[in-house]
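Hi,

Here is the structure I promised to hand over. Have a look at it first; my notes follow below.

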Amino acid sequence: MKLLTHNLLSSHVRGVGPRGFPLRLQATEVRISPVEFNPDFVARMIPKVEWAALLEAADTLHLVEVPKEPIQGYEHDESFLRQMHHVLLEVDVLEGTLQCPESGRLFPISRGIPNMLLSDEETET
Amino acid sequence: MQRLTNDDPESWLNAISIWKNLLELDAKKVKLSQKNANPLKRKVGENDIIAKKLKTEQMQEIQENKECQLEKQIEEETLEQGNFTTKRDKSQEELQNDVVEAVGTHNQNDLTFRVSCRCSGAIARTFTAQEVGRVIGIALTKQFGWKADLRNPNLEIFIHLSDIYSVVGIPVFRVPLASRAYIKTAGLRSTIAWAMASLAEIKAGAVVLDPMCGLGTILLEAAKEWPDVYYVGADVSDSQLLGACDNLKAAGLKDKIELLKVSVIELPLPSESVDIIISDIPFGKKFKLGKDIKHIIQEMERVLRVGGTIVLLLSEDHHRRLKGCEESSVPLNSKGSRTDKPGSTECLNPEGKAAISEPASSSLAASNQERLDRMPPFGSLVPVERYRVSLGKTDALIYKYRKLHSPGQ
(Lines give C-alpha, C1' and ligand atoms only; values in the text may rest on other atoms or scores of the structure.)
Protein backbone atom coordinates (compact mmCIF):
# COMPACT_ATOMS: atom_id res chain seq x y z
CA MET A 1 0.00 0.00 0.00
CA LYS A 2 1.52 3.26 -1.04
CA LEU A 3 1.19 6.45 0.92
CA LEU A 4 -0.82 7.95 -1.90
CA THR A 5 -3.41 5.29 -1.20
CA HIS A 6 -3.25 5.76 2.55
CA ASN A 7 -3.96 9.40 1.89
CA LEU A 8 -7.23 8.45 0.29
CA LEU A 9 -8.51 5.87 2.77
CA SER A 10 -11.01 6.66 5.44
CA SER A 11 -12.63 4.49 8.08
CA HIS A 12 -16.31 3.91 7.66
CA VAL A 13 -17.06 2.17 10.89
CA ARG A 14 -20.60 3.01 11.91
CA GLY A 15 -21.08 6.48 13.24
CA VAL A 16 -17.56 7.59 12.53
CA GLY A 17 -18.10 9.67 9.43
CA PRO A 18 -15.41 12.17 8.55
CA ARG A 19 -13.68 11.56 11.87
CA GLY A 20 -12.50 8.31 10.38
CA PHE A 21 -9.80 10.12 8.50
CA PRO A 22 -6.91 9.77 8.49
CA LEU A 23 -6.19 6.23 9.46
CA ARG A 24 -3.27 5.74 11.79
CA LEU A 25 -0.58 3.77 10.11
CA GLN A 26 1.60 1.16 11.73
CA ALA A 27 4.05 -0.75 9.60
CA THR A 28 6.00 -3.89 10.32
CA GLU A 29 7.33 -4.37 6.83
CA VAL A 30 8.04 -1.64 4.39
CA ARG A 31 9.61 -1.86 0.99
CA ILE A 32 11.16 1.04 -0.83
CA SER A 33 11.42 0.38 -4.51
CA PRO A 34 12.13 2.66 -7.41
CA VAL A 35 9.22 3.73 -9.52
CA GLU A 36 9.56 5.50 -12.82
CA PHE A 37 9.38 9.22 -12.22
CA ASN A 38 6.56 10.91 -14.04
CA PRO A 39 6.61 14.60 -13.10
CA ASP A 40 3.35 15.32 -14.85
CA PHE A 41 1.54 12.67 -12.88
CA VAL A 42 3.03 13.75 -9.57
CA ALA A 43 2.15 17.36 -10.24
CA ARG A 44 -1.43 16.40 -10.84
CA MET A 45 -1.64 14.42 -7.63
CA ILE A 46 -0.33 17.23 -5.46
CA PRO A 47 -3.61 19.15 -5.28
CA LYS A 48 -5.36 15.99 -4.09
CA VAL A 49 -3.00 15.34 -1.22
CA GLU A 50 -4.16 15.78 2.34
CA TRP A 51 -0.92 17.07 3.77
CA ALA A 52 -1.48 16.53 7.46
CA ALA A 53 -2.34 12.91 6.87
CA LEU A 54 0.65 12.45 4.61
CA LEU A 55 3.07 13.99 7.06
CA GLU A 56 1.71 11.89 9.90
CA ALA A 57 2.12 8.70 7.88
CA ALA A 58 5.55 9.66 6.66
CA ASP A 59 6.57 10.39 10.21
CA THR A 60 5.44 6.98 11.41
CA LEU A 61 7.56 5.41 8.76
CA HIS A 62 10.51 7.60 9.70
CA LEU A 63 10.79 9.04 6.26
CA VAL A 64 13.08 11.96 5.78
CA GLU A 65 13.05 14.75 3.28
CA VAL A 66 9.31 15.03 3.19
CA PRO A 67 8.10 18.44 2.03
CA LYS A 68 5.83 20.02 4.60
CA GLU A 69 3.53 21.63 2.10
CA PRO A 70 3.24 22.39 -1.57
CA ILE A 71 5.54 25.19 -2.58
CA GLN A 72 4.85 27.94 -5.03
CA GLY A 73 5.33 26.80 -8.59
CA TYR A 74 5.70 23.19 -7.56
CA GLU A 75 4.70 22.01 -11.01
CA HIS A 76 8.07 23.00 -12.34
CA ASP A 77 10.20 22.29 -9.34
CA GLU A 78 11.78 19.00 -10.16
CA SER A 79 13.43 18.41 -6.85
CA PHE A 80 10.17 19.02 -5.02
CA LEU A 81 8.34 16.71 -7.38
CA ARG A 82 10.95 14.03 -6.97
CA GLN A 83 10.65 14.19 -3.21
CA MET A 84 6.91 13.91 -3.44
CA HIS A 85 7.23 11.12 -5.94
CA HIS A 86 9.36 9.21 -3.51
CA VAL A 87 7.03 9.71 -0.58
CA LEU A 88 3.81 9.01 -2.39
CA LEU A 89 4.79 6.24 -4.75
CA GLU A 90 8.03 4.57 -3.82
CA VAL A 91 7.25 3.61 -0.25
CA ASP A 92 5.18 0.47 -0.05
CA VAL A 93 3.79 -0.81 3.24
CA LEU A 94 3.68 -4.57 2.89
CA GLU A 95 2.64 -5.56 6.39
CA GLY A 96 1.10 -3.46 9.08
CA THR A 97 -2.16 -2.02 10.31
CA LEU A 98 -4.41 0.92 9.77
CA GLN A 99 -6.33 2.15 12.76
CA CYS A 100 -9.56 4.08 12.78
CA PRO A 101 -8.78 7.18 14.84
CA GLU A 102 -12.29 7.38 16.23
CA SER A 103 -13.28 3.81 17.00
CA GLY A 104 -9.86 2.22 17.34
CA ARG A 105 -10.78 -0.53 14.93
CA LEU A 106 -7.72 -2.11 13.37
CA PHE A 107 -7.50 -2.99 9.70
CA PRO A 108 -4.64 -5.28 8.74
CA ILE A 109 -2.37 -4.74 5.78
CA SER A 110 -1.14 -7.97 4.30
CA ARG A 111 1.06 -8.43 1.20
CA GLY A 112 0.60 -4.79 0.53
CA ILE A 113 -3.20 -4.99 0.46
CA PRO A 114 -5.20 -3.37 3.24
CA ASN A 115 -8.20 -5.38 4.36
CA MET A 116 -10.98 -3.01 5.20
CA LEU A 117 -13.93 -5.34 5.20
CA LEU A 118 -16.28 -4.65 8.04
CA SER A 119 -18.55 -7.11 9.70
CA ASP A 120 -22.27 -6.49 9.45
CA GLU A 121 -22.56 -4.89 12.86
CA GLU A 122 -19.88 -2.40 12.09
CA THR A 123 -21.16 -1.09 8.85
CA GLU A 124 -22.78 2.25 8.62
CA THR A 125 -26.47 2.24 7.83
CA MET B 1 -19.62 -10.21 -57.82
CA GLN B 2 -17.04 -10.73 -60.49
CA ARG B 3 -17.63 -7.24 -61.70
CA LEU B 4 -17.21 -5.84 -58.25
CA THR B 5 -13.97 -7.68 -57.80
CA ASN B 6 -12.58 -6.72 -61.15
CA ASP B 7 -13.74 -3.15 -61.42
CA ASP B 8 -11.75 -1.96 -58.51
CA PRO B 9 -8.40 -3.68 -58.38
CA GLU B 10 -6.83 -0.60 -56.87
CA SER B 11 -8.63 -0.91 -53.62
CA TRP B 12 -7.78 -4.58 -53.40
CA LEU B 13 -4.13 -3.77 -53.85
CA ASN B 14 -4.34 -0.97 -51.35
CA ALA B 15 -5.91 -3.26 -48.83
CA ILE B 16 -3.24 -5.86 -49.44
CA SER B 17 -0.43 -3.40 -48.95
CA ILE B 18 -1.94 -2.14 -45.74
CA TRP B 19 -2.33 -5.71 -44.63
CA LYS B 20 1.31 -6.38 -45.40
CA ASN B 21 2.37 -3.33 -43.44
CA LEU B 22 0.39 -4.50 -40.50
CA LEU B 23 1.90 -7.92 -40.77
CA GLU B 24 5.33 -6.41 -40.72
CA LEU B 25 4.43 -4.62 -37.57
CA ASP B 26 3.02 -7.86 -36.33
CA ALA B 27 6.20 -9.74 -37.13
CA LYS B 28 8.21 -7.12 -35.34
CA LYS B 29 5.88 -7.37 -32.45
CA VAL B 30 6.22 -11.12 -32.34
CA LYS B 31 9.98 -10.86 -32.33
CA LEU B 32 9.94 -8.18 -29.73
CA SER B 33 7.49 -9.85 -27.51
CA GLN B 34 9.74 -12.81 -27.42
CA LYS B 35 12.41 -10.55 -26.12
CA ASN B 36 10.46 -8.19 -23.96
CA ALA B 37 7.11 -9.82 -23.43
CA ASN B 38 5.80 -6.43 -24.31
CA PRO B 39 2.63 -6.43 -26.30
CA LEU B 40 1.30 -3.94 -28.78
CA LYS B 41 -2.14 -3.09 -29.75
CA ARG B 42 -2.66 -1.55 -33.10
CA LYS B 43 -3.93 1.73 -34.28
CA VAL B 44 -4.64 1.76 -37.93
CA GLY B 45 -5.23 4.91 -39.88
CA GLU B 46 -8.61 6.40 -39.50
CA ASN B 47 -10.26 6.23 -42.86
CA ASP B 48 -9.11 2.95 -44.24
CA ILE B 49 -9.50 0.58 -41.46
CA ILE B 50 -12.79 1.01 -39.79
CA ALA B 51 -15.16 -1.83 -39.21
CA LYS B 52 -18.44 -0.56 -40.43
CA LYS B 53 -21.73 -2.00 -41.38
CA LEU B 54 -23.43 -0.19 -44.20
CA LYS B 55 -27.11 -0.21 -44.70
CA THR B 56 -27.78 -0.53 -48.35
CA GLU B 57 -30.47 1.61 -49.86
CA GLN B 58 -31.63 -1.08 -52.18
CA MET B 59 -31.39 -4.70 -51.39
CA GLN B 60 -30.10 -5.52 -54.86
CA GLU B 61 -27.12 -3.30 -54.68
CA ILE B 62 -24.43 -4.73 -52.58
CA GLN B 63 -21.71 -2.37 -51.67
CA GLU B 64 -18.43 -3.91 -50.92
CA ASN B 65 -16.20 -2.47 -48.36
CA LYS B 66 -12.68 -3.54 -48.81
CA GLU B 67 -11.11 -3.11 -45.46
CA CYS B 68 -8.75 -4.86 -43.22
CA GLN B 69 -10.45 -6.07 -40.17
CA LEU B 70 -10.32 -8.93 -37.82
CA GLU B 71 -12.48 -11.86 -38.66
CA LYS B 72 -13.97 -12.17 -35.23
CA GLN B 73 -14.49 -8.45 -35.00
CA ILE B 74 -17.51 -8.80 -37.18
CA GLU B 75 -19.30 -10.91 -34.68
CA GLU B 76 -17.99 -9.52 -31.50
CA GLU B 77 -16.77 -6.22 -30.31
CA THR B 78 -18.32 -3.95 -32.88
CA LEU B 79 -18.25 -1.31 -30.21
CA GLU B 80 -14.57 -0.78 -30.72
CA GLN B 81 -15.03 0.16 -34.33
CA GLY B 82 -11.77 -1.46 -35.20
CA ASN B 83 -9.46 0.88 -33.40
CA PHE B 84 -6.32 -0.59 -32.08
CA THR B 85 -3.43 1.32 -30.73
CA THR B 86 0.08 0.80 -31.76
CA LYS B 87 2.69 1.51 -29.22
CA ARG B 88 6.35 1.11 -29.64
CA ASP B 89 9.10 1.56 -27.16
CA LYS B 90 11.97 3.60 -28.46
CA SER B 91 14.36 0.90 -27.47
CA GLN B 92 12.68 -1.46 -29.83
CA GLU B 93 13.36 0.60 -32.89
CA GLU B 94 16.81 -0.84 -33.33
CA LEU B 95 15.42 -4.32 -33.49
CA GLN B 96 13.00 -3.32 -36.18
CA ASN B 97 15.72 -3.01 -38.77
CA ASP B 98 16.74 -6.60 -38.37
CA VAL B 99 13.19 -7.74 -38.55
CA VAL B 100 12.32 -5.90 -41.73
CA GLU B 101 14.76 -8.12 -43.54
CA ALA B 102 13.45 -11.18 -41.86
CA VAL B 103 9.84 -10.57 -42.75
CA GLY B 104 10.54 -10.70 -46.42
CA THR B 105 8.10 -8.56 -48.25
CA HIS B 106 5.92 -10.64 -50.45
CA ASN B 107 5.89 -9.87 -54.08
CA GLN B 108 2.33 -9.03 -54.96
CA ASN B 109 2.22 -11.65 -57.66
CA ASP B 110 3.34 -14.48 -55.46
CA LEU B 111 0.51 -14.29 -53.02
CA THR B 112 -1.43 -17.39 -52.33
CA PHE B 113 -4.87 -16.92 -50.98
CA ARG B 114 -7.96 -18.59 -49.76
CA VAL B 115 -11.47 -17.26 -49.82
CA SER B 116 -13.82 -18.12 -46.98
CA CYS B 117 -17.43 -17.17 -47.21
CA ARG B 118 -20.42 -16.86 -45.02
CA CYS B 119 -23.89 -16.18 -46.25
CA SER B 120 -26.80 -15.43 -44.02
CA GLY B 121 -30.32 -14.27 -44.55
CA ALA B 122 -32.14 -14.39 -47.85
CA ILE B 123 -28.89 -14.40 -49.77
CA ALA B 124 -28.08 -17.77 -48.32
CA ARG B 125 -30.96 -19.24 -50.27
CA THR B 126 -29.69 -17.90 -53.53
CA PHE B 127 -26.03 -18.73 -53.17
CA THR B 128 -24.12 -21.21 -51.17
CA ALA B 129 -21.00 -20.10 -49.45
CA GLN B 130 -18.91 -22.29 -51.70
CA GLU B 131 -20.32 -20.75 -54.84
CA VAL B 132 -19.59 -17.26 -53.66
CA GLY B 133 -16.13 -18.29 -52.62
CA ARG B 134 -15.45 -19.85 -55.96
CA VAL B 135 -16.67 -16.88 -57.94
CA ILE B 136 -14.55 -14.47 -55.97
CA GLY B 137 -11.59 -16.81 -56.06
CA ILE B 138 -11.68 -17.18 -59.81
CA ALA B 139 -12.08 -13.43 -60.26
CA LEU B 140 -9.08 -12.77 -58.06
CA THR B 141 -6.91 -15.25 -59.88
CA LYS B 142 -7.85 -13.73 -63.21
CA GLN B 143 -7.33 -10.22 -62.00
CA PHE B 144 -4.14 -10.50 -59.97
CA GLY B 145 -2.63 -13.83 -60.86
CA TRP B 146 -2.66 -15.05 -57.27
CA LYS B 147 -2.83 -18.74 -56.70
CA ALA B 148 -5.38 -20.36 -54.52
CA ASP B 149 -4.05 -22.41 -51.67
CA LEU B 150 -6.57 -24.00 -49.40
CA ARG B 151 -4.15 -25.38 -46.86
CA ASN B 152 -1.73 -22.67 -45.97
CA PRO B 153 -2.35 -19.44 -47.80
CA ASN B 154 -0.49 -16.16 -47.27
CA LEU B 155 -3.68 -14.24 -47.47
CA GLU B 156 -7.07 -15.13 -46.15
CA ILE B 157 -10.07 -13.36 -47.44
CA PHE B 158 -13.27 -13.50 -45.50
CA ILE B 159 -16.56 -12.58 -47.00
CA HIS B 160 -19.76 -12.21 -45.14
CA LEU B 161 -22.94 -11.62 -47.09
CA SER B 162 -26.16 -10.86 -45.36
CA ASP B 163 -29.31 -9.09 -46.30
CA ILE B 164 -28.12 -5.69 -45.21
CA TYR B 165 -24.46 -5.62 -45.97
CA SER B 166 -21.56 -7.38 -47.47
CA VAL B 167 -18.22 -7.31 -45.79
CA VAL B 168 -14.95 -8.30 -47.30
CA GLY B 169 -12.17 -8.54 -44.84
CA ILE B 170 -8.65 -9.68 -44.45
CA PRO B 171 -7.81 -10.86 -40.99
CA VAL B 172 -4.66 -9.31 -39.61
CA PHE B 173 -4.31 -11.41 -36.53
CA ARG B 174 -4.52 -15.14 -36.26
CA VAL B 175 -5.53 -14.97 -32.63
CA PRO B 176 -8.64 -13.44 -31.13
CA LEU B 177 -8.63 -9.71 -30.74
CA ALA B 178 -9.03 -10.06 -27.04
CA SER B 179 -5.85 -11.99 -26.45
CA ARG B 180 -3.27 -10.07 -24.50
CA ALA B 181 0.29 -11.05 -23.91
CA TYR B 182 0.41 -9.01 -20.72
CA ILE B 183 -2.57 -10.50 -18.98
CA LYS B 184 -1.76 -13.70 -17.22
CA THR B 185 -5.31 -14.68 -16.29
CA ALA B 186 -8.06 -12.84 -18.03
CA GLY B 187 -11.35 -12.17 -16.35
CA LEU B 188 -13.51 -9.97 -18.45
CA ARG B 189 -12.78 -10.11 -22.16
CA SER B 190 -10.06 -7.55 -22.76
CA THR B 191 -11.74 -5.85 -25.64
CA ILE B 192 -14.80 -5.07 -23.57
CA ALA B 193 -12.59 -3.87 -20.75
CA TRP B 194 -10.77 -1.55 -23.09
CA ALA B 195 -14.02 -0.31 -24.57
CA MET B 196 -15.37 0.51 -21.13
CA ALA B 197 -12.20 2.30 -20.19
CA SER B 198 -12.30 4.34 -23.35
CA LEU B 199 -15.87 5.39 -22.64
CA ALA B 200 -14.90 6.60 -19.22
CA GLU B 201 -13.06 9.71 -20.43
CA ILE B 202 -9.94 8.97 -18.46
CA LYS B 203 -7.69 11.99 -18.29
CA ALA B 204 -4.19 12.38 -16.93
CA GLY B 205 -4.14 12.86 -13.18
CA ALA B 206 -7.49 11.19 -12.59
CA VAL B 207 -8.34 8.82 -9.77
CA VAL B 208 -9.96 5.75 -11.26
CA LEU B 209 -11.64 3.12 -9.13
CA ASP B 210 -12.86 -0.36 -9.96
CA PRO B 211 -14.68 -1.43 -6.81
CA MET B 212 -15.27 -4.99 -8.05
CA CYS B 213 -12.06 -5.49 -9.91
CA GLY B 214 -11.82 -9.27 -9.79
CA LEU B 215 -8.66 -10.14 -11.66
CA GLY B 216 -8.15 -6.51 -12.60
CA THR B 217 -8.71 -6.76 -16.33
CA ILE B 218 -10.37 -3.39 -16.70
CA LEU B 219 -7.67 -1.61 -14.74
CA LEU B 220 -4.95 -3.37 -16.70
CA GLU B 221 -6.37 -2.32 -20.02
CA ALA B 222 -6.91 1.21 -18.79
CA ALA B 223 -3.46 1.51 -17.27
CA LYS B 224 -1.83 0.35 -20.47
CA GLU B 225 -3.65 2.94 -22.49
CA TRP B 226 -3.77 5.85 -20.02
CA PRO B 227 -0.70 5.59 -17.85
CA ASP B 228 -0.65 8.96 -16.09
CA VAL B 229 -3.51 8.05 -13.86
CA TYR B 230 -3.96 6.71 -10.35
CA TYR B 231 -5.79 3.39 -10.43
CA VAL B 232 -7.35 1.64 -7.47
CA GLY B 233 -8.92 -1.80 -7.58
CA ALA B 234 -10.99 -3.36 -4.85
CA ASP B 235 -12.50 -6.75 -4.29
CA VAL B 236 -13.81 -8.81 -1.38
CA SER B 237 -12.26 -12.05 -2.51
CA ASP B 238 -8.73 -13.02 -1.51
CA SER B 239 -8.29 -15.34 -4.45
CA GLN B 240 -9.36 -12.69 -6.92
CA LEU B 241 -7.02 -10.16 -5.35
CA LEU B 242 -4.16 -12.62 -5.51
CA GLY B 243 -4.95 -13.24 -9.15
CA ALA B 244 -5.09 -9.52 -9.75
CA CYS B 245 -1.77 -9.09 -8.01
CA ASP B 246 -0.23 -11.71 -10.27
CA ASN B 247 -1.66 -10.04 -13.32
CA LEU B 248 -0.29 -6.70 -12.26
CA LYS B 249 3.15 -8.14 -11.74
CA ALA B 250 3.11 -9.96 -15.05
CA ALA B 251 2.06 -6.81 -16.85
CA GLY B 252 4.59 -4.65 -15.07
CA LEU B 253 1.83 -2.46 -13.73
CA LYS B 254 2.32 -3.02 -10.05
CA ASP B 255 3.24 0.59 -9.55
CA LYS B 256 0.27 1.99 -11.36
CA ILE B 257 -2.55 0.05 -9.74
CA GLU B 258 -3.24 -0.25 -6.05
CA LEU B 259 -5.37 -3.00 -4.61
CA LEU B 260 -7.69 -2.95 -1.62
CA LYS B 261 -9.71 -5.60 0.09
CA VAL B 262 -12.88 -3.73 0.44
CA SER B 263 -16.59 -4.14 -0.12
CA VAL B 264 -18.24 -2.12 -2.80
CA ILE B 265 -21.18 -1.41 -0.54
CA GLU B 266 -18.87 0.07 2.05
CA LEU B 267 -16.10 1.94 0.35
CA PRO B 268 -13.58 3.35 2.82
CA LEU B 269 -13.21 6.49 0.79
CA PRO B 270 -14.35 9.99 1.51
CA SER B 271 -17.28 11.26 -0.46
CA GLU B 272 -16.52 12.71 -3.85
CA SER B 273 -12.94 11.52 -3.85
CA VAL B 274 -12.90 9.53 -7.08
CA ASP B 275 -13.02 10.88 -10.61
CA ILE B 276 -14.01 7.80 -12.52
CA ILE B 277 -15.54 4.46 -11.67
CA ILE B 278 -15.45 1.57 -14.11
CA SER B 279 -16.80 -1.78 -13.15
CA ASP B 280 -18.02 -5.10 -14.40
CA ILE B 281 -20.87 -5.98 -12.09
CA PRO B 282 -20.78 -9.70 -11.41
CA PHE B 283 -23.50 -11.57 -13.17
CA GLY B 284 -23.37 -14.60 -10.95
CA LYS B 285 -26.11 -16.05 -8.87
CA LYS B 286 -24.27 -15.79 -5.59
CA PHE B 287 -24.66 -12.08 -5.91
CA LYS B 288 -28.03 -10.86 -4.77
CA LEU B 289 -29.68 -8.74 -7.34
CA GLY B 290 -32.18 -6.03 -6.83
CA LYS B 291 -31.60 -4.46 -3.48
CA ASP B 292 -27.89 -4.92 -3.53
CA ILE B 293 -27.31 -3.50 -6.90
CA LYS B 294 -29.02 -0.29 -5.92
CA HIS B 295 -26.87 -0.06 -2.82
CA ILE B 296 -23.82 -0.62 -4.92
CA ILE B 297 -24.65 2.16 -7.28
CA GLN B 298 -25.53 4.44 -4.40
CA GLU B 299 -22.16 3.88 -2.81
CA MET B 300 -20.44 4.45 -6.12
CA GLU B 301 -22.39 7.63 -6.49
CA ARG B 302 -21.29 8.79 -3.08
CA VAL B 303 -17.56 8.49 -3.70
CA LEU B 304 -17.74 9.90 -7.19
CA ARG B 305 -17.02 13.55 -7.55
CA VAL B 306 -19.44 15.85 -9.32
CA GLY B 307 -18.85 15.70 -13.05
CA GLY B 308 -17.28 12.28 -12.76
CA THR B 309 -18.28 9.35 -14.92
CA ILE B 310 -19.33 5.81 -14.14
CA VAL B 311 -19.12 3.06 -16.71
CA LEU B 312 -20.71 -0.24 -15.77
CA LEU B 313 -21.12 -3.57 -17.46
CA LEU B 314 -24.49 -4.97 -16.58
CA SER B 315 -26.09 -8.26 -17.39
CA GLU B 316 -29.51 -8.47 -18.92
CA ASP B 317 -30.88 -9.23 -15.49
CA HIS B 318 -29.39 -6.18 -13.84
CA HIS B 319 -30.52 -4.12 -16.73
CA ARG B 320 -34.05 -5.34 -16.45
CA ARG B 321 -34.23 -4.77 -12.74
CA LEU B 322 -32.88 -1.32 -12.89
CA LYS B 323 -34.67 -0.05 -15.86
CA GLY B 324 -38.02 -1.60 -15.24
CA CYS B 325 -40.41 -0.68 -17.95
CA GLU B 326 -38.06 1.64 -19.72
CA GLU B 327 -36.35 -1.22 -21.45
CA SER B 328 -39.28 -2.16 -23.59
CA SER B 329 -39.69 1.32 -24.90
CA VAL B 330 -36.14 2.02 -25.97
CA PRO B 331 -35.18 0.05 -29.06
CA LEU B 332 -31.84 -1.65 -28.93
CA ASN B 333 -29.89 -2.83 -31.94
CA SER B 334 -28.42 -6.19 -31.40
CA LYS B 335 -25.02 -5.53 -32.82
CA GLY B 336 -23.87 -2.81 -30.54
CA SER B 337 -24.76 0.25 -32.50
CA ARG B 338 -25.49 3.15 -30.30
CA THR B 339 -29.01 3.53 -29.08
CA ASP B 340 -29.95 7.13 -28.87
CA LYS B 341 -31.40 7.54 -25.48
CA PRO B 342 -34.21 9.97 -25.97
CA GLY B 343 -33.90 13.13 -24.05
CA SER B 344 -30.60 12.22 -22.50
CA THR B 345 -28.58 15.19 -21.56
CA GLU B 346 -26.79 15.66 -24.85
CA CYS B 347 -25.46 19.00 -23.78
CA LEU B 348 -23.34 17.36 -21.17
CA ASN B 349 -21.83 14.90 -23.53
CA PRO B 350 -18.46 16.36 -24.37
CA GLU B 351 -17.77 14.12 -27.28
CA GLY B 352 -20.66 15.60 -29.16
CA LYS B 353 -22.14 12.33 -30.25
CA ALA B 354 -25.00 12.05 -32.68
CA ALA B 355 -27.41 14.51 -31.25
CA ILE B 356 -31.09 14.10 -31.36
CA SER B 357 -32.56 17.32 -32.61
CA GLU B 358 -33.96 19.28 -29.74
CA PRO B 359 -37.55 19.75 -30.94
CA ALA B 360 -37.99 16.07 -31.66
CA SER B 361 -36.88 15.12 -28.23
CA SER B 362 -39.18 17.42 -26.34
CA SER B 363 -41.99 14.94 -26.16
CA LEU B 364 -39.53 12.16 -25.57
CA ALA B 365 -37.81 14.25 -22.97
CA ALA B 366 -41.01 14.46 -21.03
CA SER B 367 -41.45 10.74 -21.01
CA ASN B 368 -37.80 10.18 -20.29
CA GLN B 369 -37.99 12.49 -17.34
CA GLU B 370 -40.69 10.26 -16.07
CA ARG B 371 -38.43 7.28 -16.46
CA LEU B 372 -35.59 9.01 -14.75
CA ASP B 373 -37.84 9.80 -11.84
CA ARG B 374 -38.57 6.13 -11.54
CA MET B 375 -34.92 5.50 -10.81
CA PRO B 376 -34.42 7.16 -7.46
CA PRO B 377 -31.34 5.18 -6.44
CA PHE B 378 -29.38 6.92 -9.08
CA GLY B 379 -29.99 10.27 -7.56
CA SER B 380 -27.68 12.61 -9.31
CA LEU B 381 -26.41 10.11 -11.85
CA VAL B 382 -27.52 10.97 -15.33
CA PRO B 383 -27.44 8.34 -18.02
CA VAL B 384 -25.25 9.33 -20.91
CA GLU B 385 -24.94 6.34 -23.17
CA ARG B 386 -25.81 2.72 -23.39
CA TYR B 387 -24.40 -0.02 -25.61
CA ARG B 388 -25.27 -3.63 -26.06
CA VAL B 389 -22.25 -5.86 -26.45
CA SER B 390 -21.77 -9.51 -26.99
CA LEU B 391 -19.71 -11.55 -24.60
CA GLY B 392 -19.86 -14.59 -26.79
CA LYS B 393 -22.57 -16.70 -25.29
CA THR B 394 -24.48 -13.90 -23.68
CA ASP B 395 -25.15 -10.27 -24.23
CA ALA B 396 -24.48 -7.49 -21.80
CA LEU B 397 -24.94 -3.78 -21.60
CA ILE B 398 -22.43 -1.06 -21.02
CA TYR B 399 -23.94 1.86 -19.18
CA LYS B 400 -22.33 5.22 -18.81
CA TYR B 401 -23.48 7.75 -16.24
CA ARG B 402 -22.31 11.15 -15.23
CA LYS B 403 -22.78 12.71 -11.82
CA LEU B 404 -24.49 16.02 -12.18
CA HIS B 405 -24.62 17.32 -8.68
CA SER B 406 -24.50 16.07 -5.13
CA PRO B 407 -27.50 14.06 -4.02
CA GLY B 408 -29.95 16.12 -2.12
CA GLN B 409 -29.32 19.27 -4.07
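Before the interface, one term: I call two residues a polar contact when an N or O atom of one is within 3.5 Å of an N or O atom of the other; within protein, one atom must be able to donate a hydrogen and the other to accept it, and residues adjacent in sequence count only if both atoms are side-chain atoms. With that rule, there are 11 residue pairs in polar contact between chain B and chain A, both residues being at pLDDT 80 or more.

A bit of housekeeping. This is a predicted model, where local features need pLDDT of at least 70 and side-chain atom pairs count only at pLDDT 80 or more, while totals for chains, interfaces and linings use all residues. Residues are numbered from 1 along each chain as its sequence is written, chains are lettered from A and ligands numbered from 1 in the order in which they are written, and side-chain values use heavy atoms, with hydrogens and water left out.

**Where the chains meet**

Chain B and chain A each put 25 residues into the contact (heavy atoms within 4.5 Å). About 2,200 Å² is buried between them, and carbon and sulfur atoms give 63% of that; buried area here is the accessible area (1.4 Å probe) that two parts lose on being put together, summed over both. On the chain B side, Y230(B), K261(B) and E266(B) supply 26% of the area buried against chain A, more than any other three residues.

The rule finds 2 salt bridges across this interface (a side-chain nitrogen of Lys or Arg within 4 Å of a carboxyl oxygen of Asp or Glu). The cut-offs are under 20% for buried, over 50% for exposed and partly exposed in between (1.4 Å probe, protein chains only).

**Salt bridges inside chain A**

E102(A) pairs with R19(A) in a salt bridge, the closest N and O atoms being 3.1 Å apart. E102(A) sits in the loop between β2 (91-99) and β3 (106-110), and R19(A) in the loop between α1 and β1 (24-32), so this pair ties together parts of chain A that are 83 residues apart in sequence. Helices (H or I, at least four residues) and strands (E, at least two) are DSSP runs, numbered from the N terminus. Both partners count as partly exposed, E102(A) at 43% and R19(A) at 44%.

Then there is R31(A) with D92(A), again a salt bridge, with the closest N and O atoms 3.5 Å apart. R31(A) lies in strand β1 and D92(A) in strand β2 of chain A, so the pair ties together parts 61 residues apart in sequence. R31(A) is partly exposed at 37%, but D92(A) is buried at 10%.

**Chain B as a whole**

Chain B has 13 helices and 12 strands, and 49% of its 409 residues count as buried. Among its contacts between residues at least 6 apart in sequence, 76% join residues at least 24 apart. Chain B also holds a network of salt bridges that links E201(B), E385(B), K400(B) and R402(B).

Cheers
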